[in-house]
Amino acid sequence: MKITANFSTIRSDFRLKIDTIFSAGTVTAVLGPNGSGKSTVLRVLAGLQGIDSGEIVFGDQVVNKTPSVHVAPQERSVGVVFQDYALFPHLSVMENIAFGPRSLGLSKKVSQARAQSQLKSLGITELGHRKPNQISGGQAQRVALARALATEPSVLLLDEPLAALDAQTKESVRTELEKQIDGFDGCVIFVTHDPLDAMLLADRVVVLEDGTITQEGTPSELAARPETDYVATLMGVNLIRGVANQGVLQVEGGGVLSVPQVDLRGEALAVLRPESVTLHLLRPEGSARNVWQGSVRALTPMHDRIRVSIDASPPVIATITHSALADLKLSVGTPIWVSAKTLTIEAFAK
Amino acid sequence: MPGLVALLFLVIPLIALIVQTPWEAFPKIISSPEALEALRLSLVTSLVATALAALFGIPMAWLLAREVLPFTGLLRALVIVPLLLPPVVSGVALLEALGRRGLVGGFLYDTFGITFPFTTVGVVIATTFVAMPFLVITMEGGFRSLHQRYEDAAATLGAGSRRVFLRITMPMVAPAAIAGLVLCWARALGEFGATITFAGNFPGVTQTMPLAVYTALESDRSVAIALSMVLLVVSVGVLVALRGKYLQTRAS
């Protein structure tokens, strides 16, 4: 089932404006920083919150259309996995999962059979009689998913499905979740602030910043061509803005870069990977077309490399090895020359 | 020291009541037709009042807790007013509203010949008016402390609002519901001022236990003490029922 969402909703001074299509059989990640309105998108799609203008269409059913159409959550074919799972504490795991089918009017027997098969497919049959406070976080995540799937929805919505888990559990649950949502033939939409979740689980990523969609694309498109500073930072790349003309980018805020895209004209963005940036103590004389001077602003150790932030025009981030750091004897404030081969830069129209 | 004074002040009257109770005559007094009639009337009216408070008050508590209606703050204040109002004033207010010449009562009497004052129904109305706020504010606290995500989750699982309320909301606020119902019932059982003002003091019709105690006090003091003893036992029973709430010590 395809979802066409074109709406805006206003809460006090926050405005969320969405215009996108979620295709059937696709896993979409809504990626954004805290306060970007990600969770509101899910609440609106689930029918838990109204819209102030526009419309939302599930397949051929109009579920929201201002001013008068608002299909209640229980009338929509959605399954929701809440951020903290919201398992009903007074019901057993089995009763939690059977609650949905029972609500749809199925008999107790059929509902329990459905719950049982959900438990089985998630490999947690033995948890059926436990109460939610007697299971682990990872198990609760699975139960929440099983409960959402037990109503056989055509849309599955997940709110930060992995955020409540510790790092170790996260890995295994992510793998499990990937398997589950791949086997789900409806439309899957999940919100996350973790780019890794988006990259690993989603076919398509919708980036939400401050209530508006700033970029959409496949994970590899986002990694290759981030269009906002937020996405560039998440992808760990340098994003340089400017005006391109005949292979030269006049950088916004000062500086010039030689870029390989000679046909590009007008406002453009250039991506420069930190590992493609070379640092020198003396002005380098070589094949690199781009050479400019600056000073070290910060040094951040990563597990196998050092991230060097450089104040320059344009400012850049470089990653170097520990041995390179030892040879260059860098510290904050060290004057430094930066170089980058033209061919390592990818520029594209904004 | 002032703390001990307070303790004595609260405990001595209770001890006095126990000491002064005519224990030999006690079984005879409380099994007299008048006493049994008053007890029966008290139980029936207080239980009906509690049921009415539950039926209407619990949904209202939910509306207040979820702030569904406009001016929730003002509405909450209005609900609490009967709690603070002297019960006799509540009785006068009820007369002005539901009496034969009252705002609504006049219409009901003229059109349908229905009249409430000085009837058992009047007792139920007076006690419900006074006792319901206890249930409402206790339940509102319970609903408030219940995060809305559970109700949201139930709705996305296909449950209509009725099913959500009965299967998710109510079981999750059960402790508050029990506390609220017991408090409400205890208040209803002890209701005096509003009842005597609105419903009068007719044996067998509107004379509940507290009214019987008041009446007996003027004729036979030992009867008043014995009936008071019964109400004291009920109060202690309520305390025991709510022990989780009030008898907790820091150790538990």
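Predicted model: local features only at pLDDT ≥ 70, side-chain atom pairs only at ≥ 80, totals over all residues.

Student: What makes strand β9 of chain A largely enclosed by the rest of the structure?

Tutor: A residue is buried if 20 or more other C-beta atoms, placed from the backbone, lie within 10 Å of its own, exposed at 12 or fewer, and partly exposed in between. Six of the six residues of β9 (residues 187-192) of chain A are buried, so the strand is largely enclosed.

Student: And how do you know that B:Glu24 is exposed?

Tutor: B:Glu24 has 8 other C-beta atoms within 10 Å, so it counts as exposed. You'll find it in the loop between α1 (2-20) and α2 (26-30) of chain B.

Student: Back to β9(A): which strands pair with it in the parallel sense?

Tutor: Pairing takes at least two DSSP bridges between two strands. Strand β3 (residues 27-31) of chain A has five bridges to β9(A), in the parallel sense, with A:Leu31 opposite A:Thr192. Strand β8 (residues 155-159) of chain A is joined to β9(A) by five bridges too, and they run parallel; there A:Leu156 stands opposite A:Val188. From β8(A) the chain crosses through helix α5 (residues 167-182) of chain A to β9(A), a right-handed β-α-β crossover (clockwise from the first strand over the helix to the second, with the strands pointing away from the viewer).

Student: Now chain B. Why is α4(B) called oblique to α7(B)?

Tutor: Helix α4 (residues 72-84) and helix α7 (residues 120-145) of chain B pack at about 125°, with axes 8 Å apart. Under 35 degrees is roughly parallel, over 145 roughly antiparallel, 65 to 115 roughly perpendicular, and the rest oblique. That angle therefore makes α4(B) oblique to α7(B). Residues in contact, meaning C-beta atoms within 7 Å, include B:Val79 and B:Leu83 of α4(B) and B:Phe129 and B:Ile137 of α7(B).

Definitions and conventions. Residues numbered from 1 in each chain as written. Chains lettered and ligands numbered in written order. Helix = DSSP H or I, 4+ residues; strand = E, 2+ residues; numbered from the N terminus. Axes fitted to C-alpha atoms, helices over the stretch in contact; angles between N-to-C directions. Contact = placed C-beta atoms within 7 Å.
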